[in-house]
Amino acid sequence: MTRGAAAVTWIALVIVGFGLAPPARPDQTAWVLDLLLGRWAGEEPWVEDEFQLVGVWPELGGQLLRGDWRARPVPAWPFVLASVGRGGYALLPWCVLRSGERGAAGPGPFARVDLPYALAFAAASLVFG
């Protein structure tokens with residue numbers, strides 16, 4: 001993704017998320033707490049899948065950017081860490097701020113297992129399974 005496309009995507013995401021999103025549920029805090037504690041009774045199945053994907057996508061993004069964590073002038077790790085709670089709102093600014101050269105990816109802790117593919121498979125199984 002080019003820096004310009006990332007900037008446009010991020011601005012559009014902020015406008016849609018904060019300007020056009022429906023209002024919050026009155027019981028949103030209790031509802032999220034129930035989801036965190038695994039109380040799925042009465043919920044639609046897609047809500048459980050989407051909630052579980054919230055944990056998979058930041059890990060997948062972090063693994064795909066593991067060569068860029070420290071090698072660039074703007075390190076990726078603070079943005080990946082913030083994406084756990086804020087998703088694309090936190091990760092897309094790094095795509096805008098990064099420099100053009102790519103960092104050297106060294107063998108990570110999961111060098112023997114291709115973790116990004118495994119996480120992508122897990123995400124696809126949650127969406128389509």
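Glycine 55 is partly exposed, its relative accessible area being 48%; partly exposed lies between buried (under 20%) and exposed (over 50%), calculated with a 1.4 Å probe on protein chains only. The model is predicted, and local features need pLDDT of at least 70, side-chain atom pairs count only at pLDDT 80 or more, and totals for chains, interfaces and linings use all residues. Residues are numbered from 1 along each chain as its sequence is written, and side-chain values use heavy atoms, with hydrogens and water left out.

Glycine 55 belongs to helix α3, residues 45-64; a helix is a DSSP run of H or I with at least four residues, numbered from the N terminus. Its C-alpha atom is separated by 9.7 Å from that of alanine 123, 68 residues apart along the chain.

The largest nonpolar core has 8 residues, including Phe79, Val80 and Trp94. Such a core is a set of buried Ala, Val, Leu, Ile, Met, Phe, Trp, Tyr and Cys residues joined through side-chain atoms within 4.5 Å. Helices α4 (77-86) and α5 (88-97) each supply at least two residues of this core, and α5 gives the largest share, 3 residues. Another core, of 6 residues, lies apart from it, with Leu53 and Ala123 among them.

The structure holds 2 salt bridges, each defined by a side-chain nitrogen of Lys or Arg within 4 Å of a carboxyl oxygen of Asp or Glu.

| Salt bridge | N to O distance |
|---|---|
| Arginine 25 and aspartate 27 | 3.2 Å |
| Arginine 39 and aspartate 34 | 2.6 Å |

Arginine 39 is partly exposed at 49% relative accessible area, and aspartate 34 is partly exposed at 28%.
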